[in-house]
Amino acid sequence: MIVTLIVVCEVGFWVLLAAGLSARYLLKKPKLGMALLLCEPLLEVLLLVVTAIDLKNGAEPSWRHGLAAVYIGYTVGHGHRTVKWLDGHAAHRLGGGPPPAGPPRYGMARARHEGQVWLGSVVAGSVASGLLLAAAWYVGDAGDTSRLDATIAAVWRAVGIHGLVVLSYTVWPKKAPEGDASAVAARDPEDVPDALVRGPREDEKQVR
């Protein structure tokens, strides 16, 4: 039942997201769209309650309960980023707004961006671990909680690997191709060549 509920919550997340963005930009009802988007955390609350009830009824802690905690943690750590990314694209394609700026691809700007994403993974791991520890405490000595402990270890291994990948962007920053001015992130104007900031020189305009 837990796995089925996780699937239902995942489907519900995307359904509510699509409904909220449609109401916001197609129906021009931002309040309704915001209300639908705010309903998404209720899915995680439902999953948490059902997981607790399942343990209360005597179910042995298993990978299913671990998966539920990981799902909730991931939603807390990265859900807002997903919603923000999709909202930017919906505003552009449905609301006539400017195209959303993509993440930086090169240099320390890329490293900072990846670091922010990694912090989301740290939050996700912390939330998942907290829920798993609470479940282990709830079960107590009456049941086997080794699988919950194993899930916590697996979560932090994943966070650690992600951290090493992010560290590689800092130690070995990816360089932009030679002469590729479009590769410079707009959020770092100090890295933009002067010609791009000032525009073409007067003599260049006359030639054109």
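Here's a quick briefing on the fold, the salt bridges and the surface of this chain.

What you're looking at is a predicted model, where local features need pLDDT of at least 70, side-chain atom pairs count only at pLDDT 80 or more, and totals for chains, interfaces and linings use all residues. Residues are numbered from 1 along each chain as its sequence is written, and side-chain values use heavy atoms, with hydrogens and water left out.

**Overall fold**

- The chain has eight helices and zero strands; both are DSSP runs numbered from the N terminus, with helices being H or I of at least four residues and strands being E of at least two.
- Read from the N terminus, the elements go α-α-α-α-α-α-α-α.
- Take the contacts (heavy atoms within 4.5 Å) between residues at least 6 apart in sequence: 73% of them join residues at least 24 apart.
- Of the 208 residues in the chain, 34% are buried; buried means under 20% relative accessible area, exposed means over 50%, and partly exposed is in between (1.4 Å probe, protein chains only).

**Salt bridges**

- Side chains of opposite charge can pair when their charged atoms come close.
- For a salt bridge, a side-chain nitrogen of Lys or Arg has to be within 4 Å of a carboxyl oxygen of Asp or Glu, and by this rule the count comes to two.
- One of them pairs the side chains of Arg-24 and Asp-87, at 3.2 Å from N to O.
- Arg-24 sits in helix 1 (residues 2-25) and Asp-87 in helix 4 (residues 63-93), so this pair ties together parts that are 63 residues apart in sequence.
- Arg-24 counts as partly exposed because its relative accessibility is 27%, while Asp-87, at 18%, counts as buried.
- Another salt bridge joins the side chains of Glu-114 and Arg-110, at 2.8 Å from N to O.
- Both Glu-114 and Arg-110 belong to helix 5 (residues 107-139), where they are four residues apart, or about one turn of the helix.
- Glu-114 is buried, at 15% relative accessible area, and Arg-110 is buried too, at 16%.

**Surface**

- Leu-26, Leu-27, Leu-32 and Leu-94 make a nonpolar patch on the surface, with about 360 Å² of accessible area together.
- Patches are made of residues with over 30% relative accessible area and no salt bridge, joining like charges within 9 Å and nonpolar side chains (Val, Leu, Ile, Met, Phe, Trp, Tyr) within 5 Å.
- Leu-32 lies in helix 2 (residues 30-38), and at 41% relative accessibility Leu-32 counts as partly exposed.

Technical notes: Accessible areas come from the Shrake-Rupley method with a 1.4 Å probe; for residues, only the protein chains shown count as cover.
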